[in-house]
Amino acid sequence: MTASKWSINSNQSDVLIKARHSIIAYLISRINKFKGSIAIKDDELEDASVEFMIDINSRSGKLEEFDTNIKLNDLLDTNKYPTISFKSISFQKVNANINFLKGYLTINNITKIVEFDAVLTELETNNNISKALFEIMGKINRKDFGLSPIAFNEAGGVAIGSNINLIANLEFITNTNTN
């Protein structure tokens, strides 16, 4: 069986930015730009190309539903640096359950190469549309991207660790009639 190409479904993709004990931001996709593709062969991920840009000033009400100690604007000057972006540069398949996605992550106008775990979590087909649910997860050192609490600790706020977790839940689709 040949590998099939799948395109990202921006309407069903999201990103979670989390520090220890606190969700900093939950950013849903209908207001953000996701693009990319994956290749699946025999129900296994073969290749991935993922790119997304998140406009952190364009949030929906879902973000505000979380009772968090730390807000995204506590770490970022959202007026000066309104986007977070990621563009993959390589994909490494170790086995059926372990994949590594490497790419350029830009936060605060600082770009670093990062590596994330990539997991194909589910495959399903309904009405000739196949969906693949894909999760990328990883930690970044917030100091590498200049993510320091802005007057947060000075006001008696909760201290946060050096690491921030990024989790992107991405849905890819393909029409099974055309493969």
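Mentor: One term before we start: two strands pair if DSSP finds at least two bridges between them. Strands themselves are DSSP runs of E with at least two residues, helices are runs of H or I with at least four, and both are numbered from the N terminus.

Trainee: Good. And what kind of model is this?
Mentor: A predicted one, where local features need pLDDT of at least 70 and side-chain atom pairs count only at pLDDT 80 or more, while totals for chains, interfaces and linings use all residues. Residues are numbered from 1 along each chain as its sequence is written, and side-chain values use heavy atoms, with hydrogens and water left out.

Trainee: How many helices and strands does the chain have?
Mentor: There are two helices and 10 strands. In order from the N terminus, the elements go β-β-β-β-β-α-α-β-β-β-β-β.

Trainee: Let's look at β8 and β9. In what sense do they pair?
Mentor: Antiparallel, over nine bridges, with β8 covering residues 110–126. Within that pairing, Leu 123 has Ala 132 of β9 as its bridge partner.

Trainee: How many residues sit between them in the hairpin?
Mentor: Two residues, and Asn 127 in the turn has a positive phi of about 50°. Asn 127 is not a glycine.

Trainee: Is Asn 127 buried or exposed?
Mentor: Exposed, with a relative accessible area of 76%. The cut-offs are under 20% for buried and over 50% for exposed, with partly exposed in between, using a 1.4 Å probe and protein chains only.

Trainee: Which other residue has a positive phi without being glycine?
Mentor: Asn 108 is one, with phi near 55°. Asn 108 lies in the loop between β7 (99–107) and β8, and is buried at a relative accessible area of 10%.

Trainee: Back to β9. What's on the other side of it? Which strand do 13 bridges join to β9?
Mentor: That is β10, residues 163–175, and the two run antiparallel. Phe 134 stands opposite Leu 170 of β10.

Trainee: Which residues of β9 are on the covered face?
Mentor: Ser 130, Ala 132, Phe 134, Ile 136, Gly 138 and Ile 140. The uncovered face has Ile 129, Lys 131, Leu 133, Glu 135, Met 137, Lys 139 and Asn 141. In a regular strand the side chains alternate between the two faces of the sheet.

Trainee: How exposed is Leu 133?
Mentor: Leu 133 is partly exposed, because its relative accessibility is 27%. Leu 133 touches Val 119, Leu 120, Thr 121, Glu 122, Leu 170 and Glu 171, leaving aside residues up to four places away in sequence; contact here means heavy atoms within 4.5 Å. The C-alpha atoms of Leu 133 and Val 119 are 8.5 Å apart, and the two residues are 14 apart along the chain.

Trainee: Now the core. Which residues touch the most other members of the largest nonpolar core?
Mentor: Ile 38, Phe 52, Leu 105, Phe 134, Ile 140 and Phe 172, out of 36 residues. A nonpolar core is a set of buried Ala, Val, Leu, Ile, Met, Phe, Trp, Tyr and Cys residues joined through side-chain atoms within 4.5 Å. Across the chain of 179 residues, 40% count as buried.

Trainee: What does Phe 172 touch?
Mentor: Its contacts include Trp 6, Ile 8, Ile 38, Val 50, Ala 132 and Phe 134, not counting residues up to four places away in sequence.

Trainee: What lines the largest one?
Mentor: Among the lining residues are Phe 52, Ile 54, Ile 84, Leu 105 and Ile 136. The largest share, three residues, comes from β10. By type, the lining has 12 nonpolar residues, no polar and no charged, with Ala, Val, Leu, Ile, Met, Phe, Trp, Tyr, Cys and Pro counted as nonpolar, Asp, Glu, Lys and Arg as charged, and the others, Gly among them, as polar.

Trainee: And what does Ile 54 stand opposite?
Mentor: Ile 84 in β6. Five bridges join β5 to β6, and these strands run antiparallel.

Key
On a 1 Å grid over the protein atoms alone, a cavity is a set of points where a 1.4 Å probe fits but cannot get out, and a pocket is an open set with protein on both sides within 12 Å along at least five of seven lines; lining residues have an atom within 4 Å of a point.
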